[in-house]
Amino acid sequence: MTVLDYAIYLAISMIKLFLFSVYTDTAFSFGFFILNFASVLVLSSWTLLLKAKTRRWVLFSLLFLHSTLIVSDIWYYRYFEDLLSVMLIADVPQMSSVGGGFLTLVAWKDLLFFTDLILFSAAVHYFRNQTGTLPRKNRIRFAGAGFAAGLVVFTVPLAWSYLQQEEWLVDNPISNMREYYQLGFWGYHGADLLKGAASLAESNGLSADQMDLLPETLPEIEAAPVPEELPNVIVVQLESYQSSVIGQEINGTALTPNLNELREETIYFPNFYHQTHEGRTSDAEFLTLSSLHPIKSGSVYTQYAGNDFNGLPAHLQRYGYNTVAMHAFERSFWNRDEFYDNIGFDEFYSKQDFSQEGQIGMALNDKDFFSESIEYISDLETPFFAFMVALTSHTPYEFPQDLEKMELSAYDDELVRGYYHTVHYVDEAIGEMVSDLKQRGLWEDSLIVFYGDHDSGLTQKGTAMAEDADADNVVDLFKLDHGVPLFIKTPGSSSGEINENVGGQIDIAPTILDMVNIDPPYMLGNSLMDEEENVTVFRDGSFRYNDFYYKPDLTAPIGSGTCYSTLTEEQVAYGNCKDKVEEAAEQLRISDLIIHENALEKIRER
């Protein structure tokens with residue numbers, strides 16, 4: 001067989017794609033196999049035009065590049081449950097500072113994807129006498145036939161989807177993984193490359209269809225009459241803080257004793273979730289400050305920092321608030337300096353403004369960070385809005401042994417031990433912060449918010465953390481992975497309560513404005529203090545609504561998925577979730593439109 005080397009290449013390519021699905025626990029149906037096989041033919045059949053010796057080297061190089069991309073996707077998927085995108089190029093400069101965290105995603109078994117180079121070389125050498133160069137006419141015929149067959153098989157399903165007006169194709173897709181299942185591995189990356197190139201061309205305006213998608217997007221933003229009393233607002237974002245640690249005990253010792261006590265004098269929300277995606281911490285900040293969703297690839301902070309979001313800080317400025325942000329790391333990290341300035345912060349206190357000693361992990365420890373931050377805000381004219389981003393409990397959860405106070409020898413996983421140590425330390429820092437605020441007279445009459453930014457990344461089924469939370473079904477794992485704490489201390493209040501309303505980080509800004517009696521600008525979120533039942537939407541189209549959790553089937557068109565009861569933790573009739581499926585998808589599309597097209601500014605200019 002003259003082109004046996006090419007046949008071996010095809011076989012190895014498909015085996016690797018199947019192994020990718022095994023490593024990532026993603027679907028790999030027969031139809032998906034055919035789709036991927038067709039795309040491999042389209043991309044590689046041209047090698048049949050080459051002479052045998054050259055062809056072998058080219059195929060060897062293609063296998064190496066294929067393995068490199070697959071392994072990169074695997075590492076990325078382990079953390080984000082999503083695939084790489086060219087839009088992430090803007091995030092590359094940020095990766096060096098969190099490299100230790102990414103090393104936890106690497107496994108020795110990943111090297112298996114490069115053993116194909118040895119197998120291919122050995123097979124080609126063994127069958128070297130059975131491969132050769134076809135006559136020129138035959139080379140053209142074989143290459144053309146392979147390309148045509150692959151192109152037809154690949155494009156026919158796409159054409160059918162387009163004729164059926166399937167939303168994943170004709171509208172802005174809300175999930176990379178849905179595109180992956182519809183286009184295959186190479187189809188997804190090819191389409192992503194084309195979209196990345198197209199994004200370089202700026203849009204000149206909003207179409208009529210886009211305008212129709214923005215219902216009353218821009219209400220009057222002129223400041224209404226200023227309320228007689230405006231409290232100071234202090235918002236604290238806690239790094240990698242899950243709600244599962246609240247009330248948790250290990251060997252009889254409370255993991256978060258200070259936050260446990262804080263429930264006695266604040267409003268605590270047990271049904272509150274993070275809605276972050278690939279931007280993680282920056283996504284949590286964006287959700288909180290703008291009440292919009294994160295984008296599906298990368299971070300708003302690095303790609304759209306200059307847009308007009310008319311967020312919480314700028315809106316509070318209209319009512320006379322002094323607005324400050326605090327983060328004890330480099331000013332330019334995740335482009336915070338530009339984003340904070342654009343969204344309405346008067347001042348940004350960064351690494352250069354804090355002590356340079358006492359570092360835990362990647363930055364100043366949270367005890368000193370909170371203490372020094374309070375020193376700064378104590379000198380501000382009131383009312384002020386202070387936004388503090390804590391860092392001690394950042395992955396990879398490195399913690400000084402001499403500061404350890406928890407007995408965690410029962411845990412084999414070093415990451416889990418490090419996480420619990422840092423969580424306990426941050427809880428102590430919060431306790432000291434609350435005491436400091438009370439002593440300075442800033443606690444009683446201020447609106448103070450503590451919330452977690454995202455999960456620990458250690459919540460998968462079967463892990464020690466999942467076992468600690470007794471999470472072994474879809475609903476339990478959802479709560480463990482997405483649940484983050486939210487505490488709100490209202491001005492003048494000294495007693496606590498439990499608020500069972502379902503919500504997410506997108507609702508924080510509307511809730512704050514509601515509690516200080518200021519009408520909000522356009523925001524996708526809702527106040528958690530009203531009586532409305534919110535749809536808390538996540539980036540993949542899943543959502544929590546009332547007593548139901550909806551998990552979409554990303555291998556099928558929008559509307560295919562499973563509905564679960566959060567009370568019984570069992571699957572229930574799809575009809576319980578059906579009415580909110582399209583509403584959730586539309587909320588994501590509206591948010592994407594506002595971000596990608598800078599729609600708020602363009603509408604205002606009109």
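Of the 606 residues in the protein, 55% are buried, where buried denotes under 20% relative accessible area, exposed over 50%, and partly exposed the range in between, for a 1.4 Å probe and protein chains only. The model is predicted, so local features need pLDDT of at least 70 and side-chain atom pairs count only at pLDDT 80 or more, while totals for chains, interfaces and linings use all residues. Residues are numbered from 1 along each chain as its sequence is written, and side-chain values use heavy atoms, with hydrogens and water left out.

The secondary structure comprises 22 helices and 19 strands; helices (H or I, at least four residues) and strands (E, at least two) are DSSP runs numbered from the N terminus. A contact is defined by heavy atoms within 4.5 Å. Among contacts between residues at least 6 apart in sequence, 75% join residues at least 24 apart.

**Nonpolar cores**

A nonpolar core is a set of buried Ala, Val, Leu, Ile, Met, Phe, Trp, Tyr and Cys residues joined through side-chain atoms within 4.5 Å. The largest such core has 61 residues, and those with the most contacts inside it are L289, Y321, F339, Y340, F385 and F387. Helix 20 (residues 508–515) gives the most to this core, with five residues. A second, separate core of 51 residues includes V324, I448, F450 and F487. In soluble globular proteins, nonpolar side chains tend to be buried together.

**Selected residues and their contacts**

The contacts tabulated here leave aside residues up to four places away in sequence.

| Residue | Residues in contact (heavy atoms within 4.5 Å) |
|---|---|
| F385 | V233, V235, L289, L312, P313, L316, Y321, N322, T323, V324 and F345 |
| L316 | Y321, F385, L513 and I518 |
| E285 | Q237, Y301, R336, Y340, F387, V389 and Y451 |

L316 lies in helix 14 (residues 312–317) and counts as buried, at 0% relative accessibility. L316 and F385 are 69 residues apart along the chain, yet their C-alpha atoms are separated by 7.7 Å. E285 belongs to helix 12 (residues 281–290); with a relative accessible area of 0%, E285 is also buried.

**Packing of helices 3 and 9**

Two packed helices are described by the angle between their axes and the distance between the axes. Axes are lines fitted to C-alpha atoms, for helices over the stretch in contact, and angles run from 0 to 180 degrees between N-to-C directions. Helix 3 (residues 52–80) packs against helix 9 (residues 176–198) at an angle of about 155°, the axes being 13 Å apart. Helix 3 is therefore roughly antiparallel to helix 9, given that angles under 35 degrees count as roughly parallel, over 145 as roughly antiparallel, 65 to 115 as roughly perpendicular and the rest as oblique. Helix 3 contributes H66, L69, I70, D73 and Y77 to the contact, and helix 9 contributes M177, F185, W186 and H189. By class, this contact has six nonpolar, two polar and one charged residues; Ala, Val, Leu, Ile, Met, Phe, Trp, Tyr, Cys and Pro count as nonpolar, Asp, Glu, Lys and Arg as charged, and the others, Gly among them, as polar.

**Disulfide**

A disulfide is a pair of cysteine sulfur atoms within 2.5 Å, and a search of the whole structure finds one. The sulfur atoms of C563 and C577 are 2.0 Å apart and form this bond. The torsion about the S-S bond is about 65°, so the disulfide is right-handed. The pair links distant parts of the chain, 14 residues apart, with C563 in strand 18 (residues 561–565) and C577 in helix 21 (residues 575–596). C563 is buried at 1% relative accessibility, and C577 is buried with a relative accessible area of 1%.
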